[in-house]
Amino acid sequence: MLLISCPWCGEREETEFHYGGQALVNYPADPESLSDEEWALYVFFRDNPKGDFAERWAHTAGCRRWFSTVRNTVTSEFQS
């Protein structure tokens, strides 16, 4: 079981959290001008690195807040 540190509640078990995907993905500046293919790239395609990766998590069974953190995708260890 992974332990995830919520910035507001402290360390909790992973079952209290919901994964929200890659962090720091900016909404398109001019969404009206995007083609269907560009929308598909924005919505469905994300990086999948081996190593440190910025992610979004929600503490759904706790404070219900979203936060960003960095997790190593090889070891599943979270950075403080």
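**View 1. C63 is partly exposed, with a relative accessibility of 27%.** Partly exposed lies between buried, under 20% relative accessible area, and exposed, over 50% (1.4 Å probe, protein chains only). The model is predicted: local features need pLDDT of at least 70, side-chain atom pairs count only at pLDDT 80 or more, and totals for chains, interfaces and linings use all residues. Residues are numbered from 1 along each chain as its sequence is written, and side-chain values use heavy atoms, with hydrogens and water left out.

**View 2. The sulfur of C6 is 3.7 Å from that of C63, its closest cysteine sulfur.** A disulfide is a covalent bond between the sulfur atoms of two cysteines. Here a disulfide is counted when two cysteine sulfur atoms lie within 2.5 Å. The sulfurs of C6 and C63 are too far apart for a bond, and the count of disulfides is zero. C6 is buried, at 2% relative accessible area.

**View 3. E55 and R71 form a salt bridge.** A salt bridge is a side-chain nitrogen of Lys or Arg within 4 Å of a carboxyl oxygen of Asp or Glu. The closest N and O atoms of E55 and R71 are 2.8 Å apart. The pair links distant parts of the chain, 16 residues apart: E55 is in strand β4 (residues 52-58) and R71 in strand β5 (residues 66-72). Strands are DSSP runs (E, at least two residues), numbered from the N terminus. Both E55 and R71 are buried.

**View 4. R12 and E16 are joined by a salt bridge between their side chains.** The N to O distance is 4.0 Å. R12 is partly exposed, at 31% relative accessibility, and E16 is partly exposed as well, at 21%. The whole structure has two salt bridges.

Definitions and conventions. Helices (H or I, at least four residues) and strands (E, at least two) are DSSP runs, numbered from the N terminus.
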